Structure formats: structure tokens, C-alpha cells
Amino acid sequence: MTCRSLFLVLFALVGLVAPASANFIYLNAEFDGKTVGQPLGRGGAEIGEPTTGLHDTPTDEIVNVAPGNNAVRVEDSDNFAGSADFLYFTFADSRQLDSGRLTLTFEITPEIQDVYELQILGTGVDNYFGLEFDQAGFLYWRDDDDPAVNFDTYTVGTTYAVELIYDLDDYTYTFNLNGVNILTDESSGFATGAIEGMAIGNGFDGNNTGSCLIDNVRAVYRPGEANVLLSANFSAKPLGPIGTGGASEHEPVDVDPGAIATVENANPILSGKYLQIVDDEPLNSATVEFQLRDAVEVTTGSVCVSFVVSVDNVEPFFIHFYEQGGASSTFMQVEFNNLGEILLKDELSQPNGLVVGTYSVDTPLRMTFNFEMDYGLTSAWIDGNQVLTNRAHGIVGDGLGSIYFGHTADGNTTGIMKLDGLTVYHSGSATPAPPATPQVLASVLHPASPNPFNPTTTIRYELDRSAPVALDLFDVRGRHVVNLIDDHRSAGNHAVQWNGRDRRGDAVASGVYYATLRTPAESLRIKLVLSK
């Protein structure tokens, strides 16, 4: 579960008004409700359709690519090299977005080797981002700051899942392809204007043979993304000692002399890069401090903190939520004790600690905390399971300013804590009353069973509420193996089997694979081992 999930509210695609902390879905076009064999309409985002066909109107129709899974086939209907055929998807209410955070996702399948393109269109420049499949079988990306850059090849008949995450305040974006990060915090080259839609289709290729399939086009928008007070996932950091530039640099502000904090890579436990904190002083606590952006101390509203953490020994580690002055310094602590227990301590109701779970060596835990600052209440989740509900933490009128991760004075130098995905959100000011039940879209992806397996395993997952769900398998190199689910699922428990075969029906080789569960709010991953 991610911290963003705590505030997720799904809206219809018509003009609804909501608090600034909500996520708006401005486009959701999955086509499964459309009639197979019919041309795609042009009704716009409100009914999951494009607005127009750019340039010459492309030939398009709804096709069925798997039972219950429709897509749109877009064909080049003009053999003139000076023209192109694009479907133009705008946002609900014809919105133009110039601040906050915008996530765009879609899937494209080239049916022959030809020219296909995605273009993110805006008002300040014509093309904020482009992804191109060329006739030689190469993949390129480009933006207003960079020419076309070749980064991979593509295969006919393969579905490519594209995710673009725009920070419209910092003018940067992140580009992920099939769950693999290609670019992070990349300058988009524009400092004015707004994003207003995307065009998907066939490029300027001088023939009329090209066709591609398009599916699951979505735009999820979070306004007021300045409410993100801290974000540190280390994916764009160089290996080696971490800097101390603060939240604006996705770095801590202080590394205790008794600690060694370095960015590490290719860890089998945590995905991608992570921060490793090593206890280097046997007689003192070794800590790393992350301070909120602009050294702010949040005293009102709701503060949500999320991170993934693992440790290498069953011995004392801690996390402190620190207040920058006033009645108390540390109003909430997470303690990993030498009995393998996780305790929560606060200044009021649990000064001696409340056991909320257990931990194991080298096992990552996703921890999320929601602090209602106006009412002195705390709720907490571990791996999507709520372990604390509206517990009084004793601090009202003072604030949260820093988070410390570290190792207690334990008499040895072996302790290692691994940290990733640290995020802090601030939502609004005081509300009339504390929420009885926090809004949580708590997707849980359980370990596969059996695992290792041969040749079939069952993957189980839970949804707190109805949502679009995609479940995909990738190999250790990040290559897409097969899609198991791409549909809307109801709240509750679900299960799906994988028979160890790829999308063509061929048996895959023995080895490690990753199952990735995606909803509009989050992405979860587990490891599977096929042993023949």
C-alpha cells in the first residue's frame, strides 16, 4: 500500500468538486464495454473515447484480443508520407493541467513492424513527450529538451505498457516501460503551458500497411502535488554515499557520525536502488534524519508517511517521527526489538510500546502511518494490514518535522537497515471531526502458493474496493512474459493461476519471475520461482 492510497477518492468523469488531496481520473478508456467490429466513437473522455482523429481520420475499430478483453485497432488509412493517423484523447471537461501530478498510462501492441507513435500534447509546446516505434524495429523517446534517443528494440505482437508520471510544478517526468524504469526526474524542456491530452497512432511512414492495438488509456491526476513534503526512492541517485541535500534533492539532511549511509543497487529484497544504513558505532545510536521540505513543521491536517524497510538482524532498530519543538521531541516511535517484535510507542497511550507485528531478517515491510494532527490520532498499516486505528498520540498543537531511521546502541557494528520509497503527504487543514475509518485502497498481493512451483502456482490478492486491476508477469530482465488479468474487479479476495507459460502459450524456462499487481493507486510485486 502506498501513502497516496490513504487519500484516494475515485470520481466519475464529469465535473465533480473534491478536496485538493483527492485523485481525479480524467480519462479511463479500456474499451471492454464497446461493441466488437464497430468503429470507435469520438465521444471524449466522459465515455472512454477519443475526441477526434488528428490529421486525417484514422481507420479504427474495436477488436477482441482475448476473452472479455477488447482493444482498438488503429490502421494507417493514408499512404501520403506527409500525413499521419492519430487518435486524439483529451481529458474530461477539456481540462488543461499545468500543476500537480499527472500519471498517464496506456498499452500499445504493434501488429507489424512499422511507424507508431505516442505524443503528449500541450499548450506551451506541441509535443511534451514522444515514444516512437520505427520501421527498423527500434524504440525511441524524445521530449522538448532532447532529440530522439534510441533505448531499445521492439517485437511485433508484443504488448508494451507505458507509464508517464509528470511533475507539472518541477517540469520533470518519469518514464516506465513494462514496469522497468527508463527515465526518472527527466527535464521535460517546458516551463510554461499545460498538458491537454495524448495522441496515439501511426506516424509519417509513407505507406498504409501499419496497424497497432491500443488499450487501457488512463490519466490520473492529483492536484496540489506541492503537498508532497518528502519523496525519496533513491532510483535516480548514484551508487555510493548519499548526499545530505534534503527533501528537494530526495536526500536526508543529516547522517549521524555513527552511521554509514550509502545508495546500493540490484538488491534481491528491495526493488532497484535503496538506501543502506549501517551501524558503525557500537556504543551510540546511529541515525539518518530526513526532514520535511523547506524544514516545515506540520501542525494541522492529516500527515501520511509511507516507506519500505528491512533489516539484516533480529536486534534493535528504530524509526522516530520527530517534532521540531514544543511539548515533546518524539511523539511516535517504531521499534524493532531483539525478540523479532515490532512495537509502536507514543507519549500518551503507549509509552511502553504496543506489539503490532513481527519482523524477519531481510524481509521488506511496507509501513504506512496517518497522523491526524488536529486531533492527536494515529492510524497505521503494515503490508496493507491495519494495526492501529485512531490511537491517541498525545501531540496536539505541535507538529511533525523529521523522521529518523537508525540502530540503537547495541554493542556491535553489524546492524544494517535498508530503506526505500519514503514518502510524506500533507492533506489539508482541520476537518469537522476525525474520520471514523480512513479512506484506504489497500491492495494486498499475497505470496504465490506453491513457491517454488512446477508447473502451476496460485496468486492471491485482495482489494478493499472495486477497481481496475492488471496482473502481469516479468522475467528478471524486466521483459514482459504474460498478462493474467486486465479487467475491473470487485472488492474482496481473488485468485488467479499461472501455468508457467508466456503469452504465446510456450512454457517458460526455470528461473525467477515477478508478478506485478497494478491498480490506479499503486503497484505491488512478488517474486516467483519456477523450478523444473
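Mentor: Accessible areas here come from the Shrake-Rupley method with a 1.4 Å probe, and for residues only the protein chains shown count as cover. By that method the chain exposes about 20800 Å², and carbon and sulfur atoms supply 48% of this area. The model is predicted: local features need pLDDT of at least 70, side-chain atom pairs count only at pLDDT 80 or more, and totals for chains, interfaces and linings use all residues. Residues are numbered from 1 along each chain as its sequence is written, and side-chain values use heavy atoms, with hydrogens and water left out.

Trainee: Why is Thr 90 called buried?

Mentor: Buried means under 20% relative accessible area, exposed means over 50%, and partly exposed lies in between (1.4 Å probe, protein chains only). Thr 90 has 13% relative accessibility, so it counts as buried. Thr 90 belongs to strand S5 (residues 85-90). Of the 532 residues of the chain, 54% are buried.

Trainee: What is Thr 90 in contact with, leaving aside its neighbours within four places in sequence?

Mentor: Contact means heavy atoms within 4.5 Å. With those neighbours set aside, Thr 90 touches Leu 27, Ala 45, Thr 51, Glu 196 and Gly 197. Glu 49 is 41 residues from Thr 90 in sequence, and their C-alpha atoms are 9.0 Å apart. For the whole chain, 64% of the contacts between residues at least 6 apart in sequence join residues at least 24 apart.

Trainee: What makes the link between the side chains of Thr 90 and Thr 51 a polar contact?

Mentor: The side chains of Thr 90 and Thr 51 are joined at 2.5 Å. A polar contact is a pair of N or O atoms within 3.5 Å; within protein, one must be able to donate a hydrogen and the other to accept it, and residues adjacent in sequence count only if both atoms are side-chain atoms.

Trainee: How do you know that strand S7 is largely enclosed by the rest of the structure?

Mentor: Seven of the seven residues of S7 (residues 116-122) are buried, so the strand is largely enclosed. Tyr 116, Leu 118, Ile 120 and Gly 122 point one way, while Glu 117, Gln 119 and Leu 121 point the other way, and all are buried.

Trainee: What makes S7 and S8 a pair of strands?

Mentor: Two strands pair if DSSP finds at least two bridges between them. S7 and S8 run antiparallel and share six bridges; Glu 117 has Glu 132 of S8 as its bridge partner. S7 also pairs with strand S14 (residues 195-202), antiparallel, over seven bridges. There, Leu 121 is bridged to Gly 197.

Trainee: Why are strands S32 and S36 said to stand at the edges of their sheet?

Mentor: The open sheet has three strands, ordered S32-S33-S36, with antiparallel pairing. S32 (444-445) and S36 (492-498) each have a single partner strand, so one side of each is left without a neighbour in the sheet. S33 (residues 457-463) pairs with S36 over seven bridges, and Thr 458 has Gln 497 of S36 as its bridge partner.

Trainee: Why is the Phe 133 and Tyr 160 pair called edge-to-face?

Mentor: Rings of Phe, Tyr and Trp (its six-membered ring) pair if their centres lie within 6.5 Å; planes under 30 degrees apart count as stacked, over 60 as edge-to-face and the rest as tilted. The search of the whole structure finds 19 aromatic pairs. For Phe 133 and Tyr 160 the centres are 5.6 Å apart and the planes 65° apart, an edge-to-face pair. Phe 133 is in strand S8 (residues 127-133) and Tyr 160 in strand S11 (residues 160-167), so the pair ties together parts 27 residues apart in sequence. Both Phe 133 and Tyr 160 are buried.

Trainee: What makes the Phe 307 and Phe 369 pair stacked?

Mentor: Their ring centres are 6.3 Å apart with 20° between the planes, which is a stacked pair. Phe 307 lies in strand S22 (residues 302-311) and Phe 369 in strand S27 (residues 365-372), so this pair ties together parts 62 residues apart in sequence. Phe 307 is buried because its relative accessibility is 0%, and Phe 369 is buried because its value is 1%. Phe 307 and Phe 369 belong to one aromatic cluster that also includes Phe 234, Phe 290, Phe 321, Phe 371 and Phe 405.

Methods. Helices (H or I, at least four residues) and strands (E, at least two) are DSSP runs, numbered from the N terminus.
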